[in-house]
Amino acid sequence: MIKTEKILHLKSSRGRKVRVVREHYLREKVPCYSSLCQADCENGGKVLPGDVTHYVVPDVGVVLDYLEILEFRELQGIVFTQTTCQAVQHHKGRRQYNRLRNLIKDPRHDCVLFANEFQEYSYRERDKGESRERWHTRCVYTAAVWYHNHLAGMMDVVMITEDQEAITRYSSLNSGVYVISIQDFLQNFWPDLQAAHDLYSSISQALQEKESESSQKEFSEHLPAEVLEAGIKSGRYVKGSLNVSKHRAQNEASLMTDGLSDKNKDLSWGVMVFGVKNRNRAVHGDVVVVELLPKSEWRGKVTALSEGQGEEKSAEENESKPMPTGRVVGILQRNWRDYVVTFPTRDGTQSQSRNSQRILAVPWDHRIPKIRISTQQADALQDHRVVVRIDSWESTSLYPNGHTVQVLGRAGELESEIQTILIENCIHVPPFSDAQLREMPVNSPEKPWRMDPAQVAERRDLRGTHLVFSIDPQGCEDVDDTLSIRRIAGGKLLELGVHIADVTHFVTEGSLTDLEARTRATTYYLADRRYDMLPAVLSADLCSLLGGVDRYAMSVLWELDAETLAVTKVWYGRTIICSSYQLHYELAQALLNGEEAERDAKLAQLTKALEMLTHVARHLRAQRDKGGALELEGVEVRAQLDEEKNITALVPRQPLEVHETVAECMIYANHWVARKIQETFPHQALLRCHPQPREDFFNQLLESASAGGFTIDTRTNKALADSLDRAVDPQDPLVNRLLRMMATTAMSQALYFSTGLLSQDKFYHYGLALDRYTHFTSPIRRYADIVVHRLLSAAIAMDTTRAEPGKPLAGHKELDETAQHINNKNRAAQRAQKLSTELFQCLFFKERDPQTDPHCVANAVIYAIRDNGVLVFVPEYGVKAPVYLKNREGQVVSAGKDGGCDWQSGSVRRSSDHISTTSIGGTSTFRLFDHITVRISVRSTNFHADGLNLEVISNKPHRSQQLVQEVVRLAEEASQQAQEKEARRPKLSKEEREYRQSKTPNLYSLLEEVRELALTDLETAAQVCATTA
Ligand SMILES: [Zn+2]
């Protein structure tokens, strides 16, 4: 080892320059991470392949400015040098540095880190008078040459740089080591990777434009980090993440503070940041530091409904009482992501320079400011949805600067809109790569998959002893869960079994498939499609517990006293099952109701099992009810699609008891697995809690209920459940449904957590009324269940061998990171699902003429009163939306004697349970829970998602409402019967695979998880909270 000195010029946090001398040790052996290595390097972990045509060594400038291009997974054999990594850390900050580190760590990317400055022969000291940039370039070039020599000339090395001088100096110095520009690199080696070419020109354009910026200040400068830190400590400043109002994005933003210190108690309602100047270049989601303004400048939030999102009107509107208001003085962390923008139609007002144009692109998300893009494609991109990234936002610029990344397509087209929804929610679901698919077992007609004899010997075989069956939505391909029930011990005991797909047998921890599944965290269900968490060979085949085939399972078996149904014994373990029946819900219910005429002995056995199961489930449910489990109501509606994906109807879902039965058994299994893993691993089990909701979130529910003459008690879940049960209007079943919907909205979200981070009293699941809960029953669709399966396996192994788990389990911090990641992805999945449903709702109405098409007129129920209108629910379409009773011109809705409404000048008066309009036509009153008739049309802006516009046309119920419901119900029954018949006819003859589901497009899956997953819609909750604050 050789010792030398390295001189660093660093910048202190105060901005002073400091000269630091560091001892620097050089070694002969530094791993090269190449599979071609001839020198016995200690190449642990990721290794570059030997079968590529060249290795790529990017220089500092390329990594600083063009890292995004190096992130393309297609690019192979990339060597990042220590020199470039340090430069990124130094010049770009921690966020970008972490991004680079994650890229290097990720085994799905073919790149490695070479510690060139520790390698004796590749380290170069800085020459006297040599600029730092030039020295860096020389270091990187030396590293490139070292690689070529170290691999004995077997691999060409390409150094890429944007430094023209370096190209001239080095390109002909060593054969086998090429020095070229990014553009030449892409053109020579990746001529077909158009996305990379586009990205290159977009970034270089943005870089050029940056140089020619004006110097006039538009915003005040941000304060240095140390001043901010000191200010936060002393309580002078407040820190939090900036949350821009969705409905008043121009003016209103608030600070979401995490656990405020005691001295700031009066800020528990948050801090308002009013107007763009005070926001001082902070973007929605950034972590900012705010200085409070004097009390005289505090503002309240506007309480009226805002018409047309994003547009603001300046007329005096009612504001809530003034709240602490401040201005942004600094930004601690930028949380910029990829944004979808729409390029405006050109009208000649944009500035032009040279051959490129600067365009103000409008983000799809109202909360994000317009982004300035320099592009040569302005004409081609008109009205297109485009993915952009923000590069910078200087104090001299009214808008942030960005560059384009990817063109999604024309605004309004289905594919562009779906891709927009995914990107806006940071959902990245590329096709599974070849390397991932190579990890998968094979199951083809030529090479059918067979069980491993070693596994058969190890597992408990239930094939001959247990009647196992599944009940799922029609058309379900990924069967996670199956059930069994039988009498044992001469009828004294019942044995209930839940058998779950053994996904972790196929998905090894740390494999590429595992990493990809972890990144996705869940299968994404959109209104017309889904994106699987696991490749199809697992999700739809080898892991799927299909009828009539042998499958591996993870089972929980309970022995219950046949009389009392008390648990006498629980067994957990790996099994082999062969499911006899795949039933869909409707058919199972028909069997239970005795509607199935064509029975044989086996069917009779199945019917018996279903009856037993229903009996047990009712008992389990009753037990939980005693503890205060909540029956909640989401807006559940599914779009019925024909083969061309046109919507033929929007159908509300009908609950069936057998659905509840299956759910109850799954809840039971999840609960018992939670107990097992928590008892075995008290500090590192992954559980799911559902915290007690905040009292004030119930205000809306309480107000509405009392207006309807009901009392709701929210003190405990039991009290809430009981009072919701009592709040029934015998004339109108919708009232109870609406109240349950409001209760759902008020709930906080159920969340995964690591048991090491919470005290045990926080484990409680409020909605299900269980002391411990987790997710175990859907490992094909949820990554949390995969983690839980691994924990359960480790627990079982410890029971049988009394040994510590062979592999150390994740520590609780690491587990908590996983939990937070999954929580975030679940929220994204929920939002995407909701947005895609709304997209299809809009598509349904977009093709219809609201003036003539009877589908566009519907019954609506008022569930909340606002200053200038009401919020209604349209049961037929599952739509919740505002209805305005006063418009911008000051006109109000006036109802005639027959209920017909028109606009006249007048005024509105609001009270807690009704709102009245007064005009020449007299006074019209709209009360809570009134049924009114609305006309539905689509509001289209091109820049954002379409929205539904509801207009009251009569203050009386829609006359044909009953008729419509009847028609929808009959149509659904008819189609169901047709499907059942089809499913029945050819299959009854075949012993196995009876009632194998049809593959017709079906959207039950869309609603599958709503009950437990989507306990609340966060945004609605925040909105309700804001307007009642
Ligand atoms: Zn080597």
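This is a predicted model: local features need pLDDT of at least 70, side-chain atom pairs count only at pLDDT 80 or more; totals for chains, interfaces and linings use all residues.

Biologist: Do S19 and S26 run parallel or antiparallel, and which residue of S26 is the bridge partner of Asp461?

Modeller: Two bridges join S19 to S26 (residues 567-578), and these strands run parallel. For Asp461, the bridge partner in S26 is Ile576.

Biologist: How many bridges join S22 to S25, and what is the partner of Ala501?

Modeller: S22 and S25 run antiparallel, and nine bridges join them. Within that pairing, Ala501 has its bridge partner in S25, namely Ala553.

Biologist: And on S21, which residue stands opposite Ile500 of S22?

Modeller: S21 (residues 481-488) pairs with S22 in the antiparallel sense over eight bridges. The hairpin of S21 and S22 has four residues between the strands, and there Ala489 takes a positive phi near 50°. As for Ile500 in S22, the residue opposite is Asp481.

Biologist: Why is S22 called largely enclosed?

Modeller: Strand S22 covers residues 493-501, and the count to look at is how many of its residues are buried. Buried means under 20% relative accessible area. S22 is largely enclosed by the rest of the structure because the number of its residues that are buried is nine of the nine.

Biologist: Let's zoom in on Trp558. Is it buried or exposed?

Modeller: Trp558 sits in strand S25 (residues 550-561). Its contacts beyond four places in sequence include Leu494, Leu496, Val498, Val567, Tyr668 and Trp672. With a relative accessible area of 0%, Trp558 is buried.

Biologist: How far apart in space are Trp558 and Leu493?

Modeller: In sequence, Trp558 and Leu493 are 65 residues apart. In space, C-alpha to C-alpha, the distance is 9.7 Å.

Biologist: On to the helices. Are H15 and H17 parallel or perpendicular to each other?

Modeller: The axes of H15 (residues 585-592) and H17 (residues 657-680) come within 8 Å and cross at roughly 105°. The contact is made by Tyr585, Ala588, Gln589 and Leu592 of H15 with Glu657, Val658, His659 and Val662 of H17. An angle of 65 to 115 degrees counts as roughly perpendicular, so H15 and H17 are roughly perpendicular.

Biologist: Now the metal. Why is the arrangement around the zinc ion what it is, and what do you call it?

Modeller: The zinc ion is coordinated by Cys32 (SG), Cys37 (SG), Cys41 (SG) and His150 (NE2), at 2.0 to 2.3 Å. Those donor residues are spaced C-x4-C-x3-C-x108-H in sequence, and both Cys37 and Cys41 are buried. The four donor atoms subtend angles of 102 to 116°, which makes the arrangement tetrahedral.

Biologist: What about Asp40, is it buried or exposed?

Modeller: Asp40 is found in the loop between strands S2 (17-26) and S3 (54-58). Its phi is near 55°, a positive value in a residue other than glycine. At 64% relative accessibility, Asp40 counts as exposed.

Biologist: And Arg281, buried or exposed?

Modeller: Arg281 lies in the loop between helix H8 (276-279) and strand S11 (287-292). Its phi is also positive, near 70°. The relative accessible area is 5%, so Arg281 is buried.

Biologist: Last one: which strands stand at the edges of the four-stranded sheet?

Modeller: That open sheet has the order S35-S36-S37-S38, with antiparallel pairing. The strands at the edges each have a single partner strand, so one side of each is left without a neighbour, and they are S35 (891-895) and S38 (922-927).

Notes. Residues are numbered from 1 along each chain as its sequence is written. Side-chain values use heavy atoms; hydrogens and water are left out. Donors are N, O and S atoms within 2.8 Å of the metal (3.2 Å for Na, K and Ca); water is not among the atoms, so sites may look incomplete. Four donors count as tetrahedral if all angles lie between 85 and 135 degrees; four count as square planar and six as octahedral if opposite donors are over 155 degrees apart and all others between 65 and 115; anything else is irregular. Buried means under 20% relative accessible area, exposed over 50%, partly exposed in between (1.4 Å probe, protein chains only). Contact means heavy atoms within 4.5 Å. Two strands pair if DSSP finds at least two bridges between them. Axes are lines fitted to C-alpha atoms, for helices over the stretch in contact, and angles run from 0 to 180 degrees between N-to-C directions. Angles under 35 degrees count as roughly parallel, over 145 as roughly antiparallel, 65 to 115 as roughly perpendicular and the rest as oblique.
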